[in-house]
Amino acid sequence: MNSFKKIEQFGSRSAVYAEREYSYAEMGGIADAICAQVGERTLVFCLCSNNKESLFGYVGFIRGGVVPVLLDASIQPDRLQRLIALYKPAYIWAESENQSLSNAMDHSFVYGNYTLFKNPERFQQELDEHLALLLTTSGSTGSPKFVRLSYENIFKNAESIAEYLDIKPDDKPITTLPMNYSYGLSIINSHFIKGATVIATDASILKKEFWDLCKEQRATTFGGVPFVYEMLDRLKFEAFDLPSLKTLTQAGGKLNPGLASKFAAVCNEKGMRFFTMYGQTEATARMSYLPHEKNQAKVGSIGIAIPGGELMLQDEEGNNITAPHVNGELIYKGANVSLGYAESLADLSKTDDNGGVLHTGDLAYVDEDGYFYITGRIKRIIKVAGSRISLDEVEELLGEHGHECICSGTDDRMHVYTLKEDCVQIKKIIKEKLNLKGVKVTEIKEIPRNQFGKILYSELPAG
């Protein structure tokens with residue numbers, strides 16, 4: 001199942017706007033020309049930015065059965081070299097100005113600002129026939145652990161997303177997330193299979209040029225992680241005049257319920273649809289969505305399973321939980337569940353490890369109407385004085401009292417980090433509401449995040 005092989009049907013329709021319009025026919029021709037230079041089913045690293053070169057390369061490799069590994073273009077050279085040594089890619093599709101690659105590899109083909117660099121060392125690669133794509137879950141850190149995705153994973157998920165968002169050929173999403181991130185890529189995939197136009201830009205939402213492009217090209221769709229919506233709130237999004245914008249989507253972590261409610265109200269007032277969604281790279285991208293008409297009645301919920309998927313809860317013994325408001329691990333079943341992980345070239349010949357079932361590692365409950373709510377991560381549960389404490393719930397509690405905090409810790413030791421001089425008030429709330437003492441509270445200048453906006457708990461100062 002490879003839906004990109006059918007994009008010719010969209011012919012002269014605009015596929016990409018990147019300084020000018022590129023039709024589906026033109027994109028297909030360029031994409032195929034890039035892939036033809038590879039000439040065989042093999043592994044290619046793609047150092048991605050939100051530009052035409054990255055998009056066309058990706059489409060070409062998927063169409064041609066070449067397996068791309070999508071990496072951030074800003075990856076450090078030493079981390080890239082480590083991955084090259086582990087995975088032995090035959091080619092690297094990257095900016096022509098990449099000096100370390102230019103010095104070490106042959107120039108095979110050039111399009112725009114990108115070059116197909118050929119690895120002078122050739123290795124025998126055994127790739128499972130279903131393997132289509134490798135994505136990292138860790139941004140630009142250069143972790144050797146990738147998620148193995150099949151063609152069925154990619155396009156079944158894209159079809160589900162297109163169905164519940166009701167994506168039409170005249171939709172025009174603008175890129176706000178890296179395409180090497182599963183959420184950002186899912187926006188591209190779900191719109192390309194419907195013949196829509198992707199507006200490609202690397203401009204930040206904090207820049208005037210982004211909003212000028214949004215208005216000039218009449219963007220209809222906008223997606224963001226919680227951090228993006230926090231920025232939009234500070235920019236006073238409710239005052240923006242963007243008459244073409246009709247759909248906002250949010251995923252990549254739990255949005256503060258107060259902020260979710262505010263954006264739901266703003267979008268309803270402006271005649272826009274606001275969807276909160278839930279997913280993981282291990283499930284290609286999306287597993288659930290909250291229907292936009294429920295975005296105020298069920299605020300804070302991740303909603304219901306995507307079309308073709310199924311959500312359920314299990315207790316610590318693996319028994320199914322059917323009663324409402326009982327916490328358990330969230331389990332997902334669907335055709336978009338990945339094949340498994342890879343940590344080196346040898347893992348790429350593996351078949352399906354998951355069998356369409358994903359243990360998400362998230363704790364959740366379901367309400368009487370069948371709507372699911374995430375309450376925390378299994379690994380974010382600690383024991384303090386014999387009581388189980390969810391660090392995510394502590395963050396939410398403090399947020400409800402006006403304190404922007406993040407929490408970490410180990411058993412019998414909780415550490416709260418705050419951006420303000422409010423350590424005394426925080427300790428008071430924790431003592432009164434949770435009956436906990438001895439919690440360490442530290443003021444920090446900024447919250448460490450990756451380029452997807454996700455909090456990097458491992459980079460917090462030691463307690």
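Which residue is the bridge partner of L131 in β9? In this predicted model, the partner is S150. Residues are numbered from 1 along each chain as its sequence is written. Because the model is predicted, local features need pLDDT of at least 70 and side-chain atom pairs count only at pLDDT 80 or more, while totals for chains, interfaces and linings use all residues; side-chain values use heavy atoms, with hydrogens and water left out.

The bridge between L131 and S150 involves β9, and β9 (residues 146-150) pairs with β8 (residues 131-136) in the antiparallel sense over five bridges. Strands (E, at least two residues) and helices (H or I, at least four residues) are DSSP runs numbered from the N terminus, and two strands pair if DSSP finds at least two bridges between them. Both β8 and β9 belong to an open sheet of eight strands with mixed pairing, in the order β6-β7-β5-β3-β4-β8-β9-β19. At the edges stand β6 (106-111) and β19 (340-342); each has a single partner strand, so one side of each is left without a neighbour in the sheet. From one strand to the next, the twist averages 25°. Helix α3 (residues 77-87) lies across β3 (43-48), β4 (67-72), β5 (91-95), β8, β9 and β19, and runs at about 165° to β3. Axes are lines fitted to C-alpha atoms, for helices over the stretch in contact, and angles run from 0 to 180 degrees between N-to-C directions.

The largest nonpolar core has 106 residues, of which V16, Y58, F61, F192, F222, F237 and L248 touch the most other members. Its largest share, seven residues, comes from helix α5 (residues 151-164). A second, separate core of 24 residues includes I92, L101, L127 and L339. Such a core is a set of buried Ala, Val, Leu, Ile, Met, Phe, Trp, Tyr and Cys residues joined through side-chain atoms within 4.5 Å; buried means under 20% relative accessible area, exposed over 50% and partly exposed in between (1.4 Å probe, protein chains only).

Beyond its neighbours within four places in sequence, F237 is in contact (heavy atoms within 4.5 Å) with L232, L242, L245, L248, F263, V266, K270 and M272. T220, in the loop between α7 (208-216) and β11 (221-224), counts as buried at 8% relative accessibility. With neighbours within four places again left aside, the contacts of T220 include D170, K172, S244 and L245.

The axes of α5 and helix α6 (residues 182-192) come within 8 Å and cross at roughly 75°. That makes α5 roughly perpendicular to α6 (65 to 115 degrees; under 35 counts as roughly parallel, over 145 as roughly antiparallel and the rest as oblique). I154, A158, I161 and A162 in α5 meet S186, N189 and S190 in α6.
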